[in-house]
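Subject: Structure for you, with notes

Hello,

Here is the structure I promised to pass on. My notes follow below it.

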Amino acid sequence: GQPLGHRRLSLKPVPKVPNLEAFLSEALVKVKKQARGCLAPELCFQAVKAATEKPFVEGIQKERELFNFLLTSGQAQALQYAFFAERAVQKWTTPHGASWKSASPQPIHKAAVIGLGTMGRGIVTSLVKANIPVVALEQDVEHLNRGRKAVMLLLEREAQKMQQGGQTLDFRNPARLQFTVDFDVLCDIDLVIEAVFENIALKKEIFHELSRICKPEALLCTNTSALSIDEIASATSRPQQVIGTHFFSPAHVMRLLEIIYGHHTSPTAIATAVQLARTLAKVGVVVGNCFGFVGNRMMFPYLQEAVFLLEEGSTPEAVDQVLEDFGLKLGPFRMSDLAGLDVGWRSRQDQGLTGSSLPTGTPTRQRHGHRYSPLPDLLCEHGRFGQKTGKGWYQYEKAGGRMAKPDPWLHSFLAHYRDTHHIQTRVIDQEEILERCVFSLINEGFAILAEGIASGPEHLD
């Protein structure tokens, strides 16, 4: 018997909230931090803000304007492009005429991972999450126990995350996950991923052993970030079964999987690796074999340019800030600390770019007639390998820590280095930092395309 009054929400006054200004400005800071250069989340915030301040009709009008602005923005086009590019890379081709149309994958009922360092642990975790039974191998019991502990910790965390979404992860079942030092267990495996550190002699030794033990149709994968797939395959009696599966660190989180075919890799092997990527919920990109492939080959000039900027007067914080504001999740220096500075150092040593293998009389800041910065090598010589040692381009609360803080030691080290080499420092603005780093990436991308290492620009992007 009561009067109904207005039921339409749009006609009701917006209730006044205490401390609204403070609440909104706090929310904006959070949104900006998470959005990292992305327009849409900030504009969503503007639309909600308008709803708290204006009558309904005006609020809706404001939202419409913001929507139309986004609709025609470069970012919307870029996101649409990225969406379709991720799907386009499923359709792979090679210069030899192999393609996704004619190649069929082999089934993978059981996999193995050799080496339980940072990469191996993440790969084991990915396989277990994808319901593929795994055998995890190490060279001795001490390394095996350390690796097992780390893998179990990772899986524990993943299980907790999945539980929140109502899923379970059965990783304590020995039929699902087995740890061993016995290579002979690999005789009935469908797919092996070798994930030992970047040493060509060690990898070839392992692949020689694998071709002795594994069944003929087993796929032999190497998680290398730069080494030649053909050279690794040369150590086996079945180079057609050898393929590169380059996971990115941390392997259980990063969605990209670079799939590298060698000169002899069969179309079936490529199709199986692409299918594996899909099973692991990763984006598998098929590329050709050259030093660094696509991912790391583009990274070399990008990271090098970032270090040149330090030589000329910038700081790791300033360079990272510019690239993170631009939209990258991590700037080059925070990324290097996360991946480990020793990885690149070992690679440069193998290439004869640093250390005792250099011919006497080599200029400190030149290699093969090109500009070179020894700064990353010098940090490694000081035992600064990044997060794993608690010190790298930044300092961390402890070894294995995550919170990057500017390091006064590094700043004075840079100043001393510039003095030693008589480098005139200058103020470097944000635009120069952004252009020099990003254009280095882009230029290398064009070179890779020109050489046919990638079959289309979507693969690079």
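Is Arg 297 buried or exposed? Arg 297 is buried, because its relative accessible area is 10%. Buried means under 20% relative accessible area, exposed means over 50%, and partly exposed is in between (1.4 Å probe, protein chains only).

First, the ground rules. This is a predicted model, in which local features need pLDDT of at least 70, side-chain atom pairs count only at pLDDT 80 or more, and totals for chains, interfaces and linings use all residues. Residues are numbered from 1 along each chain as its sequence is written, and side-chain values use heavy atoms, with hydrogens and water left out.

Overall picture

The protein chain has 461 residues, and 43% of them are buried. Its secondary structure comes to 17 helices and 10 strands. Helices (H or I, at least four residues) and strands (E, at least two) are DSSP runs, numbered from the N terminus. The C-alpha trace spans about 85 × 70 × 45 Å along its principal axes.

One pair gives a sense of the distances. Phe 207 and His 6 are 201 residues apart in sequence, and their C-alpha atoms are 76 Å apart in space. Phe 207 sits in helix H7 (residues 200–213). Phe 207 is buried, because its relative accessible area is 0%.

Salt bridges

Side chains of opposite charge can pair when their charged atoms come close. The structure holds 28 salt bridges. A salt bridge is a side-chain nitrogen of Lys or Arg within 4 Å of a carboxyl oxygen of Asp or Glu. Three of them are set out here.

Back to Arg 297. Its salt-bridge partner is Glu 451, and the closest N and O atoms are 2.8 Å apart. Glu 451 lies in the loop between helix H16 (430–450) and helix H17 (457–460), while Arg 297 is in helix H10 (residues 295–311), so the pair ties together parts that are 154 residues apart in sequence.

Helix H10 also holds Glu 311. The side chains of Glu 311 and Arg 371 meet in a salt bridge, at 3.2 Å from N to O. Arg 371 is in strand S10, so this pair ties together parts that are 60 residues apart in sequence. Arg 371 counts as partly exposed because its relative accessibility is 35%. Glu 311 is buried, with a relative accessible area of 1%. Both belong to one network of salt bridges that share partners: Glu 305, Glu 311, Glu 312, Arg 365, Arg 371, Arg 426, Glu 432 and Arg 436.

Arg 176 is buried, with a relative accessible area of 16%. Asp 170 is partly exposed, at 38% relative accessibility.

Backbone points to check

The peptide bond from Ser 249 to Pro 250 is cis, with omega near -10 degrees. Pro 250 lies in the loop between strand S6 (242–247) and strand S7 (256–261).

Asn 19 is not a glycine, yet has a positive phi of about 55 degrees. Asn 19 is in the segment before helix H1 (20–35). Asn 19 counts as exposed because its relative accessibility is 63%.

His 368 also has a positive phi, near 50 degrees, in a residue other than glycine. His 368 is in the loop between strand S9 (366–367) and strand S10 (370–371). His 368 is exposed, with a relative accessible area of 65%.

Pocket and patch

The second largest pocket has a volume of about 300 Å³. Of its 16 lining residues, the closest to its centre are Val 14, Ala 51, Lys 54, Pro 55 and Phe 56. Helix H2 (39–53) and H3 are the elements that give two or more residues to this lining. The lining divides into 11 nonpolar, 2 polar and 3 charged residues. Nonpolar means Ala, Val, Leu, Ile, Met, Phe, Trp, Tyr, Cys and Pro; charged means Asp, Glu, Lys and Arg; the others, Gly among them, are polar.A pocket is defined on a 1 Å grid over the protein atoms alone, as an open set of points where a 1.4 Å probe fits, with protein on both sides within 12 Å along at least five of seven lines; lining residues have an atom within 4 Å of a point. Grid points are joined across faces, edges and corners, and the volume is the space filled by probe spheres set on the points.

Phe 56, Val 57 and Ile 60 make a nonpolar surface patch of about 310 Å². Patch residues have over 30% relative accessible area and no salt bridge, and nonpolar side chains (here Val, Leu, Ile, Met, Phe, Trp, Tyr) are joined within 5 Å. Accessible areas come from the Shrake-Rupley method with a 1.4 Å probe. Ile 60 is found in helix H3 (residues 56–71). Ile 60 counts as partly exposed, at 42% relative accessibility.

Best wishes

Note on methods. Patches are made of residues with over 30% relative accessible area and no salt bridge: like charges are joined within 9 Å, nonpolar side chains (Val, Leu, Ile, Met, Phe, Trp, Tyr) within 5 Å.
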